[in-house]
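Thanks for coming. Please have the sequence and the 3D view open while I talk.

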Amino acid sequence: MATETWRVRGRKFDENKVAKLIVALSEAVPDAAITINGDTLPFERAGKPYATEPGPSTVAATAPNYVPSAKALHIDAGDTETVALALDRHPPRADARTGR
């Protein structure tokens, strides 16, 4: 049975040699930026398998007016992991003049 070929950083690998991450955001956030090990994940790829090198990985999400979210994990070759990230709005800031 043939294995599927995946690209990681421009190089081709058999499916059993790569790790795959699925990034799930708790909600669709306008202007959210997702990174896996510092590489930008196109927003339309969220929720779909993304090939990465096996080993330690860091998945992060940021957006204007939201608290950044990140998770570190270790993923083995051939495995697929789902990483759930929540972007929460920054709390309202107190007015420096009134303290409210």
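Predicted model: local features only at pLDDT ≥ 70, side-chain atom pairs only at ≥ 80, totals over all residues.

Residues are numbered from 1 along each chain as its sequence is written, and side-chain values use heavy atoms, with hydrogens and water left out.

Some terms for the strands. Helices (H or I, at least four residues) and strands (E, at least two) are DSSP runs, numbered from the N terminus. Two strands count as paired if DSSP finds at least two bridges between them. In general, the strands of a sheet pair through backbone hydrogen bonds, either parallel or antiparallel.

Start with the four-stranded sheet. This sheet is open, its order is β5-β4-β7-β9, and its pairing is antiparallel. Which strands stand at its edges? They are β5 and β9, each with a single partner strand, so one side of each has no neighbour in the sheet. From one strand to the next, the twist averages 25 degrees. For that angle, axes are lines fitted to C-alpha atoms, for helices over the stretch in contact, and angles run from 0 to 180 degrees between N-to-C directions.

Now the pairs in that sheet. Strand β4 covers residues 33-36, and four antiparallel bridges link β4 to β7, residues 55-62.

What are the two faces of β4? I34 and I36 make up the covered face, and A33 and T35 the uncovered one.

The other sheet is also open and has three strands, in the order β6-β3-β10, with mixed pairing. Here β6, residues 50-52, and β10 are at the edges with a single partner strand each, so one side of each is left without a neighbour in the sheet. The twist in this sheet averages 35 degrees from one strand to the next. Between β3 and β6 there are three bridges, and the two strands run antiparallel. L21 stands opposite Y50 in β6.

Next, the core. By nonpolar core I mean a set of buried Ala, Val, Leu, Ile, Met, Phe, Trp, Tyr and Cys residues joined through side-chain atoms within 4.5 Å. Buried means under 20% relative accessible area, exposed means over 50%, and partly exposed is in between, with a 1.4 Å probe and protein chains only. The largest such core has 19 residues, and L21, V23, I36, V59, L85 and L87 have the most contacts inside it. At least two of its residues come from each of β3 (19-25), β4, β7, β9 (69-75) and β10 (80-85). Which strand gives the most? That is β3, with four residues.

Take V23 from that list. Contact means heavy atoms within 4.5 Å. Apart from neighbours within four places in sequence, V23 is in contact with I34, I36, L41, A46, G47, V59, V83 and L85.

N37 is not a glycine, yet has a positive phi of about 55 degrees. N37 sits in the hairpin of β4 and β5, which has two residues between the strands. At 27% relative accessibility, N37 is partly exposed. N65 is likewise not a glycine and has a positive phi, of about 70 degrees. N65 lies in the loop between β7 and β8 (66-67). With a relative accessible area of 56%, N65 is exposed.

Last, the serine. S69 is in strand β9. Is S69 buried or exposed? Buried, with a relative accessible area of 14%. Leaving out residues up to four places away in sequence, S69 touches V59, A60, A61, L85, A86 and L87. A polar atom of the S69 side chain lies 3.4 Å from the backbone oxygen of A86.

That is what I have; questions are welcome.

Technical notes. Polar contact = N/O pair within 3.5 Å; in protein donor to acceptor, adjacent residues only side chain to side chain.
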